[in-house]
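Please find below a short note on the structure, arranged as numbered points. Each point takes up one element or one residue.

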Amino acid sequence: MGWLFYTDRRIKSYADEKAEITRLCTFETDNRKTELLKACKVGSTWYAAARVTNLHGSPVEDATYVTDPDGSVTFGAVFLARYDDGCWGYKDMEESAGPVESRAPLSLLALLSELKNPESYAHAWRQRCRDWASIPDYQEGDRIKLAAPVTLTDGSTCQIVTVTHYSRGRQKRRCYRIEETGALVRLSKATLAGSELLSSAKGAASPVLAEFLAGQED
């Protein structure tokens with residue numbers, strides 16, 4: 001399915017977008033009802049969990065999903081979204097269609113029904129979401145080692161960096177100080193996958209806390 005844009009420009013805000021995602025995931029046929037359980041926006045992409053139930057009380061039978069104990073099935077959906085000349089548009093796909101964007105939070109994944117086929121696109125998509133969620137959220141001053149050297153735009157590489165920030169106006173923006181050169185570099189979250197914490201800023205800031213943390217590791 002391609003992109004659909006709303007040329008009336010009625011979608012202008014986060015609240016408008018969420019209301020529209022809710023509407024798109026809420027509908028009823030002669031036999032079934034679909035309702036939104038949860039919607040989350042990560043970047044410009046919306047992730048949704050929608051539950052399907054049969055109106056006459058019989059369990060939902062589906063080739064992709066295991067029916068939940070209450071007879072329903074809950075699936076994941078991805079809505080790519082963007083504005084073009086002030087008009088909001090979206091492109092939607094169900095998780096079994098193999099969406100590329102895979103940053104759905106774990107709280108949303110927990111709502112989804114089990115999958116019948118462990119080799120399915122949906123199973124791979126959920127695993128990519130879990131892999132993304134497992135990337136550490138380091139704190140200011142943490143010294144880390146990346147899983148592999150990263151090549152920078154000038155051709156140099158870095159692997160051991162310290163979390164810091166720089167200011168642009170009133171905003172603080174995260175960056176990383178390269179250990180070998182002291183230069184600052186911006187790194188994507190994906191770059192931190194598989195990284196290792198070498199020293200914690202919390203431990204360095206307080207000798208008492210450092211001693212406590214060392215005792216926890218023994």
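1. Two strands are taken to pair if DSSP finds at least two bridges between them. Helices (H or I, at least four residues) and strands (E, at least two) are DSSP runs, numbered from the N terminus. The model is a predicted one, in which local features need pLDDT of at least 70 and side-chain atom pairs count only at pLDDT 80 or more, whereas totals for chains, interfaces and linings use all residues. Residues are numbered from 1 along each chain as its sequence is written, and side-chain values use heavy atoms, with hydrogens and water left out.

2. Strand β3 (residues 32-42) is joined by 10 bridges to strand β4 (residues 45-54), and the two run antiparallel. Within this pairing, Leu-36 stands opposite Ala-50 in β4. The two strands form a hairpin with two residues between them, and Gly-43 in the turn has a positive phi of about 65°.

3. Strand β3 also pairs with strand β2 (residues 27-28), in the antiparallel sense and over two bridges. Here Phe-27 stands opposite Thr-34 in β3. A hairpin is again formed, with three residues between β2 and β3.

4. A further open sheet consists of five strands in the order β10-β9-β8-β7-β11, with antiparallel pairing. Its edge strands are β10 (184-185) and β11 (196-199), each of which pairs on one side only. Two bridges join strand β9 (residues 171-178) to β10, and Arg-177 stands opposite Leu-184 in β10.

5. Helix α3 (residues 121-133) has 13 residues and reaches 18 Å from its first C-alpha to its last. This is close to the expected 18 Å, the expected span being 1.5 Å times one less than the number of residues. Ala-122, Trp-125, Arg-126, Cys-129 and Trp-132 of α3 are buried (under 20% relative accessible area, with a 1.4 Å probe and protein chains only). These residues cover an arc of only 120° around the axis, so they lie on the same side of α3; the arc is that of the directions from the helix axis to the C-beta atoms. The buried residues of α3 pack against β4, β5 (73-84) and α2 (106-109), where contact means heavy atoms within 4.5 Å.

6. Glu-20 lies in helix α1 (residues 14-24). Is this residue buried or exposed? Glu-20 is buried, with a relative accessible area of 6%. Not counting residues up to four places away in sequence, Glu-20 touches Tyr-6, Arg-10, Ile-11 and Trp-88. The side chains of Glu-20 and Tyr-6 are joined by a polar contact of 2.6 Å (a pair of N or O atoms within 3.5 Å; within protein, one must be able to donate a hydrogen and the other to accept it, and residues adjacent in sequence count only if both atoms are side-chain atoms).

Methods. Buried < 20%, exposed > 50% of the residue type's maximum accessible area, 1.4 Å probe, protein only.
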